[in-house]
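Trainee: Please walk me through this model feature by feature. Give me the general idea each time, then the case at hand.

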Amino acid sequence: MDKWGIDVVVTGSQKRSCCRQGSHSSQRASVHGRKSKPIRSRAFLDLKSTATISKRHNAVHAGDLHPLRLAASIEFIEEEGLENVYRRHRLMRDMTRAAFKALNVRLLTSDEDASPTVTAVYPEDFDAEKFRKVLKEEFAIEFAGGQQHLAKSIFRIGHMGYCSPAEVLQALAASEVVLKKLGQDITLGAGIAAAQQVFLEGKDK
């Protein structure tokens with residue numbers, strides 16, 4: 001970047017390349033970013049807010065993109081076939097949503113607006129942060145928290161990139177155990193059964 005005189009580099013999203021996204025800025029760009037006046041259209045690439053959030057050991061976005069990682073991702077996509085990649089993501093989304101519906105745990109958004117890459121769960125009668133904590137401690141599985149006003153109200157389950165239906169079933173099984181440990185009145189296996197049924201019905205679509 002210094003050799004070419006480049007101040008800011010921004011990579012594409014992992015949601016379309018099955019790879020990590022990110023950005024990087026030079027020292028010169030960082031100085032100008034701190035001095036610049038805010039504009040309404042600036043959000044994701046706001047260097048000032050990015051620096052502030054980074055000091056809190058959080059992140060606005062994922063880390064920088066590595067060319068070799070991107071090359072490997074493209075190779076995997078070509079091997080699987082783009083339509084199959086799309087189909088797998090939709091299948092994992094539907095498995096995850098069906099499981100939490102079967103467990104009577106509220107989802108953040110409707111089926112029509114649901115993302116194929118991440119499912120947000122919005123519990124009504126248990127603590128989302130405690131759920132995440134126990135899940136990580138007991139099973140070494142980490143779900144993301146929410147952002148801003150939803151920071152402690154929801155948890156987000158990523159099923160993107162090279163996540164597989166088998167990994168989704170594993171995470172859902174662990175989730176049921178944690179729900180039981182938190183005192184939820186659920187039938188163990190109900191969510192898994194719903195997800196398995198979606199898999200059986202949707203695998204060949």
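Trainee: Leaving aside its neighbours within four places in sequence, which residues is V118 in contact with?

Mentor: Contact means heavy atoms within 4.5 Å. By that rule, V118 touches R156, I157, G158 and H159. The C-alpha atoms of V118 and I157 are 5.4 Å apart, although 39 residues separate the two along the chain.

Trainee: What should I know about the source before going on?

Mentor: The model is predicted: local features need pLDDT of at least 70, side-chain atom pairs count only at pLDDT 80 or more, and totals for chains, interfaces and linings use all residues. Residues are numbered from 1 along each chain as its sequence is written, and side-chain values use heavy atoms, with hydrogens and water left out.

Trainee: Where is confidence lowest in the chain, and where is it highest?

Mentor: Read pLDDT as the predictor's confidence in each residue, from 0 to 100. The chain averages 83, and 70% of the residues score at least 70. Strand β2 (residues 23-25) has the lowest confidence, with a mean of 52. Helix α7 (residues 165-181) has the highest, at 98.

Trainee: How many helices and strands does the chain have?

Mentor: Helices (H or I, at least four residues) and strands (E, at least two) are DSSP runs, numbered from the N terminus. Here there are 8 helices and 5 strands. Their order from the N terminus is β-α-β-α-α-α-α-β-α-β-β-α-α.

Trainee: Which order do the strands take in the open sheet?

Mentor: Two strands pair if DSSP finds at least two bridges between them. The open sheet has 3 strands in the order β3-β5-β4, with antiparallel pairing. β3 and β4 (144-145) are the edge strands, each pairing on one side only. β4 pairs with strand β5 (residues 155-158) over 2 bridges. A144 has R156 in β5 as its bridge partner. V118 belongs to strand β3 (residues 118-121).

Trainee: Which helix lies across β3 and β5?

Mentor: For angles, axes are lines fitted to C-alpha atoms, for helices over the stretch in contact; angles run from 0 to 180 degrees between N-to-C directions. Helix α5 (residues 82-102) lies across β3 and β5, at about 15° to β3.

Trainee: Is V118 buried, partly exposed or exposed?

Mentor: Buried means under 20% relative accessible area, exposed over 50%, and partly exposed in between (1.4 Å probe, protein chains only). V118 is partly exposed, because its relative accessibility is 26%. Across the 205 residues of the chain, 35% are buried.

Trainee: How many salt bridges does the structure hold?

Mentor: Side chains of opposite charge can pair when their charged atoms come close. A salt bridge is a side-chain nitrogen of Lys or Arg within 4 Å of a carboxyl oxygen of Asp or Glu. The structure holds 9. One of them joins R93 to D94, with the closest N and O atoms 2.9 Å apart. R93 is buried, at 14% relative accessible area. D94 is partly exposed, at 32%.

Trainee: Where do E137 and K133 lie?

Mentor: Both are in helix α6 (residues 128-139), 4 residues apart, about one turn of the helix. E137 counts as exposed because its relative accessible area is 54%.

Trainee: What is the N to O distance between E142 and K136?

Mentor: Their side chains meet in a salt bridge at 3.6 Å. E142 is exposed, at 57%, whereas K136 is partly exposed, at 46%.
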